[in-house]
Amino acid sequence: MGVEVRVEGLSKSFGAQTIWRDVTLTLPTGEISVLLGPSGTGKSVFLKSLVGLLKPEQGKVLIDGVDVCDCAEKDLYEIRKLFGVLFQDGALFGSMNLYDNIAFPLREHTRKNESEVRQVVMEKMEMVGLLGAETKLPGEISGGMRKRAGLARALVLDPEILLFDEPDSGLDPVRTAYLNQLIVDLNAQIDATCLIVTHDINTARTVPDNIGMLFRRNLVMYGPREVLLTSTEPVVEQFLNGRRQGPIGMSEEKDAGQAAAELAELRGEQGVPHIMPQLEATPGLPERTAVRRRQDRVMANLGSLTPSAQQEIFKSLTPQERERYGIREGAPATAGARSGTLSQGEIAQVPQQPAAAAQQAPQGPAEQPTPNPTTPNPTTPNPATRHAAPQQPAPAPQGRPAQTPGSHGPAQPGHGARPSPRPRPRGEPPLQSGFQPDDEPVSARRRWFGRRKGGEQ
């Protein structure tokens, strides 16, 4: 079972440069949280401050009642045993093979014998898919394998708090998807408190229970995924959509006037973003209890959200979750709408699941047959009116040279006629009216090449 991590008024700077200030948040017990932000906003510095590797200028980091920022070295040493950290590059010892790298924390912090150490190491290596690579050195394997080896080493002490510093950097999308599923499965098995620093939008949308955003030396927002994913806060919406328009610029901060102009262009297109489904644990593993705890918090504070955000949250609930929270379709409107939450009548308008909607969708009109080129168009005049008018020669189809009655061939090039785009081989019957230019044989154009003025070959 994980432990709660509470951060209060944390500020960190290097000399005159402020990294972030007055950061306050809580990592709930046993839940997965994600910290987002442009490059250079101090996300990795925040992780190091949680572990006690860096000392902030002010604020507290409370873990099990101990302030990591202001405690004795002996207490800090014991607190660090609760952590498992996956660093950006794996941080493996280059002179040790993978087995010894993963076994290092066990030999350093426990009194296990080598048989017990081997049992734990092989279990974690199997968990991350590295069985058979025990004797390889870090320089002999790919970046993705080094990441997985670093994760196995972070897990050997069965930590209650897991920190992931950009676990997806350098990984292809498929390996990133496997890693995301592994994090969710680990949380289901050991119920550890997890914090992931990432730039991957898909990871941020599908993995965490809570999302935070660092920007311009401040924590812009932090809360349950439903709140952040439906937020219309410009910087949050820009980052989660990977969009160029917004407050974030190439050098982090964009000119205020330019950002305002770009947001004005998008104003007509903006709406409450869609909530993507959260990854679930692999079938056969325990159900994640963190999901239920997070949803309870969201539903308890639903009245603080806009009606459109509430509507999107209701759409993301499964039928079982709607039943759990007493959301019934077709019920009459209640006083809930006056308190800022959706009324039952508005809830009834929430669209059904796609499968049910497909079953109830009305059948569209029968497909109209493609009209024959020779048949009259329905929009042409009445037949009696057409026959009363003097007959005119049929217009030449598009792409075919114009031909006048009585002529024995097409008009010559240079007299306002364009050669046919496709040639026709000799001996082929003349083209019929109503033909399509794309159906003309390829050799017809050959008749026009080499023709002299007057039609002589």
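Author: Let's begin with arginine 175, which is partly exposed at a relative accessible area of 48%. On that scale, buried means under 20%, exposed means over 50% and partly exposed is what falls in between, using a 1.4 Å probe and protein chains only. Before going further: this is a predicted model, where local features need pLDDT of at least 70 and side-chain atom pairs count only at pLDDT 80 or more, while totals for chains, interfaces and linings use all residues. Residues are numbered from 1 along each chain as its sequence is written, and side-chain values use heavy atoms, with hydrogens and water left out.

Arginine 175 has a salt-bridge partner, aspartate 172, and their closest N and O atoms sit 3.1 Å apart. To count as a salt bridge, a side-chain nitrogen of Lys or Arg has to be within 4 Å of a carboxyl oxygen of Asp or Glu. Aspartate 172 is partly exposed as well, at 31% relative accessibility. The general idea is that side chains of opposite charge can pair when their charged atoms come close.

The structure holds 15 salt bridges. In one of them, glutamate 31 pairs with arginine 297, with 2.7 Å between the closest N and O atoms. Glutamate 31 sits in the loop between strand 2 (17–27) and strand 3, and arginine 297 in helix 11 (residues 289–300), so this pair ties together parts that are 266 residues apart in sequence. Helices (H or I, at least four residues) and strands (E, at least two) are DSSP runs, numbered from the N terminus. Glutamate 31 is buried at 1% relative accessibility, whereas arginine 297 is partly exposed at 30%.

Another salt bridge links lysine 315 and glutamate 312, whose closest N and O atoms are 3.5 Å apart. These two are 3 residues apart in helix 12 (residues 307–316), which puts about one helical turn between them. Glutamate 312 counts as buried at 9%, and lysine 315 as partly exposed at 34%. Salt bridges that share partners also join Asp209, Glu226, Arg288 and Arg294 into one network.

Strand 6 and strand 7 (residues 161–165) run parallel, joined by 4 bridges, and phenylalanine 83 stands opposite isoleucine 161 in strand 7.

Helix 9 (residues 234–241) is mostly covered, with 6 of its 8 residues buried. Among the buried ones are Val235, Val236, Phe239 and Leu240. The buried residues of helix 9 pack against several elements, including helix 7 (201–206), helix 8 (225–229) and strand 11 (248–249); contact means heavy atoms within 4.5 Å. Just after helix 9, glycine 242 takes a positive phi of about 60 degrees.

Helix 4 has its own glycine: glycine 129 follows the helix with a positive phi near 75 degrees. The buried residues of helix 4 include Val117, Met122 and Lys124, and its buried residues pack against helix 3 (98–109) and helix 5 (143–155).

Leaving aside neighbours within four places in sequence, lysine 60 contacts Arg6, Val7, Glu8, Leu10, Asp67 and Cys69. Lysine 60 is also 9.3 Å from serine 11, C-alpha to C-alpha, with 49 residues separating them in sequence.

Methods
Pairing = 2+ DSSP bridges.
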